[in-house]
Amino acid sequence: MKILVCITHVPDTTSKISFTDDNTKLDTNGVQFIIGPYDDYALARAVELKEAHNGSIILLNVGGAETEPTIRKGLAIGADEAIRVNAEPTDAFFVAQQIANVVKEGSYDLILMGRESIDYNGGQVHGMVGALVGMPSVSPVMRLEIEGDTAKVEREIEGGKEFLEVKLPFIAGCQEPIAEWKIPNMRGIMMARKKPLQVIEPASQEKQTHTLRYVLPPAKGKVKMFAPDQMDELVRALRNEANAF
Amino acid sequence: MSILVLIESDEGVVKKSSAEAVSYAAALSAQADQSEVVALALGNTVAREALEALGKHGASKVLQATDERLNQGVIQAYASVVSQAMEKTGASILVLAKSSLGDPVAARVAIQTGAVLASNVVALPEQKDGFVVKRSIYTGKAFALMSMDTDKKIIAIQKNTIDIKEDGSPATVEEFAPSLEDADFKVHITKTEKASGEVLLPEADIVVSGGRGMKGPENWGMLEELAETLHAATGCSKPVSDMGWRPHHEHVGQTGIKVSPTLYIAVGISGAIQHLAGVNASKYILAINQDAEAPFFKAADYGVVGDAFEVVPKLTEAIKAS
Ligand SMILES: Cc1cc2nc3c(=O)[nH]c(=O)nc-3n(C[C@H](O)[C@H](O)[C@H](O)COP(=O)(O)OP(=O)(O)OC[C@H]3O[C@@H](n4cnc5c(N)ncnc54)[C@H](O)[C@@H]3O)c2cc1C
Ligand SMILES: Nc1ncnc2c1ncn2[C@@H]1O[C@H](COP(=O)(O)O)[C@@H](O)[C@H]1O
């Protein structure tokens with residue numbers, strides 16, 4: 001089984017987000033970059049499937065050279081080789097096209113992505129790639145079992161879940177509890193240095209959006225505290241100030 | 001010219017988020033070229049009167065694709081129907097609510113129709129110079145002003161951010177018969193498990209959420225009672241769903257559901273940055289925690305320092321009495 005896992009290189013979830021250059025660029029000062037947490041779930045499940053089905057994992061990232069440490073970490077976790085499409089991933093359609101090109105050339109049995117990237121939170125790329133290459137896509141996937149040429153999938157929906165069946169190959173956008181995040185061990189880190197990482201140039205340059213400027217949300221006012229015996233006052237504030245009910 | 005709106009329903013009832021999407025489309029039409037707002041409903045589970053009532057929110061016409069196979073949200077089939085409806089109505093804009101169905105449908109329609117897609121949109125566009133939308137990014141930690149650069153556009157709006165319009169007149173309902181192929185049903189839904197009758201977390205106007213401070217699943221009764229009193233949905237922190245105290249679809253935060261209610265009530269949740277990422281789009285936050293130093297108080301509008309087991313029943317009582 002040949003599995004493609006698409007990973008993003010994003011600020012750690014604890015990062016404070018701020019901007020520079022007249023609010024046109026993320027201030028990366030002091031920001032640590034990680035594999036997107038959802039992509040990390042996808043990779044963890046891929047490693048389990050690889051072991052169970054004697055498969056191989058190819059990692060894919062669309063990004064500049066600065067993403068290579070993140071890619072190496074994915075190799076240390078258990079991917080066998082990696083491809084980096086050398087371009088800034090500023091537009092979902094642009095990224096989807098690059099991924100679709102790799103998919104078309106690779107005859108993969110399974111394509112695993114994260115439910116969404118945590119920078120732009122689009123949740124768009126899997127569906128776009130699916131439409132571009134003519135494959136079904138399912139997201140967010142909480143459980144994924146492979147039986148022969150069929151995948152049995154649990155998809156989260158508002159207030160519950162759906163149980164689905166789909167023939168391989170298909171695209172899954174993963175989230176917990178599909179697998180436990182895996183931490184690379186020393187041996188994995190050593191081996192990752194020697195695993196192949198191929199850099200390719202983007203196949204098309206077409207973009208449909210551009211970002212003009214970033215804005216931070218207004219700062220929160222000071223919290224109003226109420227003692228446990230002031231519930232009537234609290235309810236009044238919630239009702240009259242917040243208009244909550 | 002027209003603006004198409006995808007309608008989602010739950011147990012035969014049009015979702016609140018779809019009413020928001022229709023209202024957004026109406027405001028968009030008023031802002032620019034007075035395009036006709038056409039709603040699109042799939043399947044035959046929603047009654048005709050409820051479809052006509054979409055007129056209140058600003059739709060003048062509703063297309064209904066009554067094919068029974070569309071009663072389930074099969075994503076590829078939905079995408080195909082929406083693309084065909086855009087073609088038929090000559091719509092240059094599609095509006096929908098961001099959801100587990102809306103997101104993948106929008107992504108596919110974007111490719112099929114050559115439209116540009118903007119997700120997590122929180123306000124009407126700026127149309128003076130191009131078409132610029134404001135979208136929430138970095139899980140609510142920032143916004144981007146993004147220019148949409150092709151003629152056809154798809155706008156997926158964040159829930160609970162658009163005011164619902166209520167003063168329109170009834171819409172006319174028309175049957176719409178798209179062509180569907182077997183290939184559109186390659187994904188088989190074998191079963192659906194859903195809580196029935198509950199307020200859906202992502203749609204809710206008020207959320208009552210519990211953390212590890214609740215000590216165990218047996219103590220959720222008091223949160224459920226508070227939620228019921230407020231007609232609120234229940235949520236929880238990640239460890240709570242990890243430990244199986246609550247179902248996963250209630251997990252709020254960076255790796256869970258992102259909510260944007262009018263009021264988020266956090267009980268016994270410390271306020272870790274990953275939890276806050278899922279709730280910082282709330283209009284107001286009330287934190288209840290026994291630790292005066294809990295980080296949640298820095299993100300909250302209202303706070304109570306005290307034992308949840310004492311404060312929550314008192315709060316419920318005070319609401320009932322008021
Ligand atoms: C990549 C990543 C992603 C994550 N994503 C998420 C996410 O999506 N959502 C999420 O929630 N977390 C997420 N986390 C975990 C997060 O960092 C915190 O560990 C988690 O939110 C803590 O949950 P908690 O507040 O319920 O528990 P705790 O941190 O243990 O806090 C319990 C709180 O309850 C209070 N308390 C105890 N007893 C009482 C009482 N009787 N009355 C009142 N208060 C009481 C305590 O003072 C304390 O503040 C993520 C972490 C990582 C690394
Ligand atoms: N630049 C990228 N490189 C590789 N994969 C990506 C990239 N951007 C998004 N993806 C994949 O697509 C998923 C959904 O991303 P998004 O649509 O941006 O929320 C992510 O979880 C990744 O698996």
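Modeller: The crossing of α3(A) and α4(A) is right-handed, meaning that the near helix is turned clockwise from the far one by less than a right angle. Helices here are DSSP runs (H or I, at least four residues), and strands are E runs of at least two, numbered from the N terminus. This is a predicted model, where local features need pLDDT of at least 70, side-chain atom pairs count only at pLDDT 80 or more, and totals for chains, interfaces and linings use all residues. Residues are numbered from 1 along each chain as its sequence is written, chains are lettered from A and ligands numbered from 1 in the order written, and side-chain values use heavy atoms, without hydrogens and water.

Helix α3 of chain A spans residues 92–106, and helix α4 of chain A spans residues 125–133. Their axes come within 9 Å and cross at roughly 50°. Axes are lines fitted to C-alpha atoms, for helices over the stretch in contact; angles run from 0 to 180 degrees between N-to-C directions. The two helices are therefore oblique to each other (under 35 degrees is roughly parallel, over 145 roughly antiparallel, 65 to 115 roughly perpendicular, the rest oblique).

Contact means heavy atoms within 4.5 Å. From α3(A), the contact residues include Phe93(A), Ile99(A), Val103(A) and Lys104(A). From α4(A), they are Val125(A), Met128(A), Val129(A), Leu132(A) and Val133(A). By class, the contact has 12 nonpolar, one polar and one charged residues. Ala, Val, Leu, Ile, Met, Phe, Trp, Tyr, Cys and Pro count as nonpolar; Asp, Glu, Lys and Arg as charged; the others, Gly among them, as polar.
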